[in-house]
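Biologist: I would like to go through this model by question and answer. Please show me the sequence and the structure to start.

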Amino acid sequence: MVQPSLSSSTTHLVDRFGRQLTYLRVSLTDVCNLRCVYCMPEDMTFRPRHELMTDEEIITIVRLMAELGINKIRLTGGEPTVRPNLVEIVRQIAHIPGIRDIAMTTNALLLPQLAEPLARAGLKRVNISLDTLNPHKFKFITRWGDLDKVLAGIEAAEAAGLKPIKINAVVTRGFNEGDVVDLARLTLDRDWDIRFIEVMPFGSEADFAQSVVVSSQETRERIEAALGPMQPVAGHDPRDPAKPYRLAGARGTIGFISSVSEPFCEACNRLRLTADGKLRLCLLRDGEYDILTPLRAGESIEAIKQAILDAAYNKPWGHGLPDGVIPTSRLMNQIGG
Ligand code: SAM
Ligand code: SF4
């Protein structure tokens, strides 16, 4: 747990470097219907149900975070679509005063049945994880995924108006580094934003991740060698870690999330809430503040809010990967990506 050394004197989430924290990524579960090689082991054990926030606890915490200035929510996991009552959770979050935007990161497998009810409940957009267009490699990377189901999920998201569609592709050497060209080519005739992510090291999977990392620069060079030069797209939000580029004549954009080679900590406006109710201050650092325990112990909402303000005030400046500091307490599915 983070021991706040300095305290905040504001009523809004701002850290001691002056970064306004307005974006909360909420993990609804650590459970997933896939087992991507860079995310978790095949025999992953998940947390018992009673350790996870209930629906009511999620809504209470998001409401109090909105009172502290959070205006954007991203639902994630594990796989958020396997959480029971997801549509109702979205509906309730959408009604919380101050929440202007709700998005979700998903593997899309369950979107054919969920995209439309989610859009009706107030979900605005989805980021869909897809690392290759080759069905055999897709199965290999996800250990048992069916590419056709993901493609059907993307179609369902588009039909439900969950746009713009963003595709996240983690690039891993020996698995899909050459497949980035086919993914990038999709932007020529689809208005999708495809973002290539450098694989990050976590806990027991850290050695593997570090042995397969492919830099964004290498990915970019591979795409440009095959498809021609890309130009930067004007009007980019500096808080978005993926600076967008466009191939000549393309409808969609291509971005690179280079957490390892070019960290974007200066513009970080995020906090993360894990499915077991911990506020994680930086994706790549282990420091967390436990919200669920005091909530369950009946502490006053005002006291909890003050403790959150203090914890957020002490958000670390950036991650420690360049100094060899690797987060060990959780895997990606236990944080929320
Ligand atoms: N299950 C959902 C999905 O895959 O979209 C949401 C959770 S997943 C943990 C969130 C994002 O983290 C996905 O885009 C996934 O590809 C990415 N991810 C998982 N493990 C990663 C790692 N070690 N390094 C970089 N990105 C990772
Ligand atoms: Fe599941 Fe997402 Fe992790 Fe893949 S990256 S195993 S889909 S949580």
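Modeller: What follows covers the ligand site, then one aspartate, then the aromatic rings. This is a predicted model: local features need pLDDT of at least 70, side-chain atom pairs count only at pLDDT 80 or more, and totals for chains, interfaces and linings use all residues. Residues are numbered from 1 along each chain as written, chains are lettered from A and ligands numbered from 1 in written order, and side-chain values use heavy atoms, without hydrogens and water.

Biologist: Which residues come nearest to ligand 1?

Modeller: A residue is near if one of its heavy atoms lies within 4 Å. There are 19 residues around ligand 1. The nearest are Tyr38, Gly78, Glu79, Ser129 and Met200.

Biologist: How far is an oxygen atom of ligand 1 from an N or O atom in the side chain of Ser129?

Modeller: Polar contacts are pairs of N or O atoms within 3.5 Å; within protein, one must be able to donate a hydrogen and the other to accept it, and residues adjacent in sequence count only if both atoms are side-chain atoms. For the Ser129 side chain and a ligand oxygen, the distance is 2.5 Å.

Biologist: Is Asp290 buried or exposed?

Modeller: Its side chain reaches the backbone nitrogen of Leu292 at 3.1 Å. A polar contact of 2.4 Å also joins the side chains of Asp290 and Thr293. Buried means under 20% relative accessible area, exposed over 50%, and partly exposed in between, with a 1.4 Å probe and protein chains only. Asp290 has 12%, so Asp290 is buried.

Biologist: What kind of aromatic pair do Phe140 and Phe175 form?

Modeller: Rings of Phe, Tyr and Trp (its six-membered ring) pair if their centres lie within 6.5 Å; planes under 30 degrees apart are stacked, over 60 edge-to-face, the rest tilted. The count comes to five aromatic pairs. Phe140 and Phe175 are 5.6 Å apart centre to centre, with 20° between the planes. The pair is stacked.

Biologist: Which of the two is it, buried or exposed, for Phe140?

Modeller: Phe175, at 17% relative accessibility, counts as buried. Phe140 has a relative accessible area of 56%, so Phe140 is exposed.
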